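Thanks, everyone. I have one structure to walk through today. Please bring it up on your screens.

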Amino acid sequence: MPVDPFVFQARPPQRVVFGKGRVDRVSEEAVHLGIRRAIVLSTPEQADHANAIAGLLGEHCGAVFSHARMHTPVDVTEQAMAIVRTEGIDGTVAIGGGSTTGLGKAIAYRTDLPQIAVPTTYAGSEMTDILGETADGSKKTLRDPKVVPETVIYDVALTLALPAGLSVTSGMNAIAHAVEALYAPDGNPVVSLLAEEGIRSFAAAIPAIPADPANEGARADALYGAWLCGIALASTSMALHHKLCHVLGGSFDLPHAETHTVILPHAVAYNAEAARPAMERIARALGADAAAQGLFDLAAGAGAPTSLRELGMHADALDRAADIAVANPYSNPRPIERDAIRALLDDAWHGRRPATA
Ligand code: NAD
């Protein structure tokens, strides 16, 4: 097949350290970045992880702050900033999922301090220049190269305790980044290679993790996939699927990774005819006959939620969700039509397997 015209934008320099037990090198990595007094960040649930990192950093740890929360509330960032200023902090180490990575990015946005991210979910935020912050009940998203973590340590051992349910939905969240990168208007052949390989890694890992959450091979596949899918997210513009998830998360307070899991097969079915080459790559990576059905079966087979109803959404909210989703739509392979979006949401609410073409 001829190569289509494209633009390839190199990404800011970033150091990625991957492997089981690699968090043991956090102190060397801090020195490499010139950090002498780091603040270690986590959610309350991962305070043990944060304290362990503080121990590894030894004299290079200036403070531990275990109050990161979903959607990066600005008041939490301000509490952390007060410690940064009073304790002479000169770098951050964020251990956790997208919520904790977001706090590290918010501090870097305000200070340009160097960051180390130690991701323990598959959300992929550590690879992107995107920061979403919440204040007064509304979330604003910005892009700035300053927020990209300078160093990322992917340590498989830290993911072994990620609950099986969250592992599957977080993996589907990562796949969603790769899927939309494959039909993005600003995609390119290199990103498509990464995206396809990212989906392939998760197609191997997702069925294996619920059966044995401590399966190190499957965990390594998933974390490797998270890295690749994170690059895909960072490199391209997202479309209908992400728009719908932002609407459902922002206006209806549905949980992040679960919402991605439920919506993805239906957003892909919506775009199937308009993005055939991407669909072929997705199906090939999944080892399935068709992309949308393959994604549905991957999630359902691993015991993930498949319906918006299970996530607590009321059926009478679907009309309003469709209205919000069609206002200011993202660019998308298939034009956004209100009735078809309403039908998509109905399928997702009931948890129907997408129909084969
Ligand atoms: P999360 O960070 O909110 O984590 C969910 C819960 O799981 C937390 O309590 C966390 O402490 C816990 N947890 C994480 N890893 C664990 C582990 N290995 N073992 C045990 N518990 C663990 O969830 P998430 O899905 O990673 O992140 C969602 C947030 O990230 C959302 O706010 C989303 O908007 C944001 N996000 C941002 C970007 C970006 O590029 N800016 C990309 C993806 C997601």
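**A walk through the predicted model**

Is F8 buried, exposed or partly exposed? F8 comes out at 46% relative accessibility, so F8 counts as partly exposed. Together with V3, F6 and V190, F8 forms a nonpolar patch on the surface.

Move on to strand β1 itself. F18 lies there. Its relative accessible area is 32%, so F18 is partly exposed as well. F18 and R85 sit 67 residues apart in sequence. In space, C-alpha to C-alpha, they are 32 Å apart.

Next, strand β4, residues 91-96. T92 has its place here. Is T92 buried or exposed? The relative accessible area is 1%, and the cut-off for buried is under 20%, so T92 is buried. Now the contacts of T92, leaving aside neighbours within four places in sequence. On one side of the numbering we have I35, I39 and L41. Then come G104, I107, P114, Q115 and I116.

G97 is found in the loop between β4 and α4, the helix at 98-111. At 14% relative accessibility, G97 is under the 20% cut-off, so G97 counts as buried. Beyond its neighbours within four places in sequence, G97 is in contact with Q46, T120 and T121. Another distance: G97 and L142 are 45 residues apart in sequence. C-alpha to C-alpha, that pair is 19 Å apart in space.

Last stop, a helix pair. Two packed helices are described by the angle between their axes and the distance between the axes. Our pair is α5, residues 164-182, and α8, residues 240-252. Their axes are 9 Å apart, at an angle of about 140°. Roughly antiparallel would need an angle over 145, so α5 is oblique to α8. Which residues make the contact? From α5, they are A176, H177 and E180. From α8, they are L240, H241 and H242.

T92 is buried, and G97 is buried. F8 is partly exposed, and F18 is partly exposed. That's my tour.

Methods. Residues numbered from 1 in each chain as written. Predicted model: local features only at pLDDT ≥ 70, side-chain atom pairs only at ≥ 80, totals over all residues. Heavy atoms only, no water. Helix = DSSP H or I, 4+ residues; strand = E, 2+ residues; numbered from the N terminus. Buried < 20%, exposed > 50% of the residue type's maximum accessible area, 1.4 Å probe, protein only. Contact = heavy atoms within 4.5 Å. Patch = residues over 30% accessible without salt bridge, like charges linked within 9 Å, V, L, I, M, F, W, Y side chains within 5 Å. Areas by Shrake-Rupley, 256 points an atom, 1.4 Å probe, with all protein chains shown as cover. Salt bridge = Lys/Arg side-chain N within 4 Å of Asp/Glu carboxyl O. Axes fitted to C-alpha atoms, helices over the stretch in contact; angles between N-to-C directions. Parallel < 35°, antiparallel > 145°, perpendicular 65-115°, else oblique.
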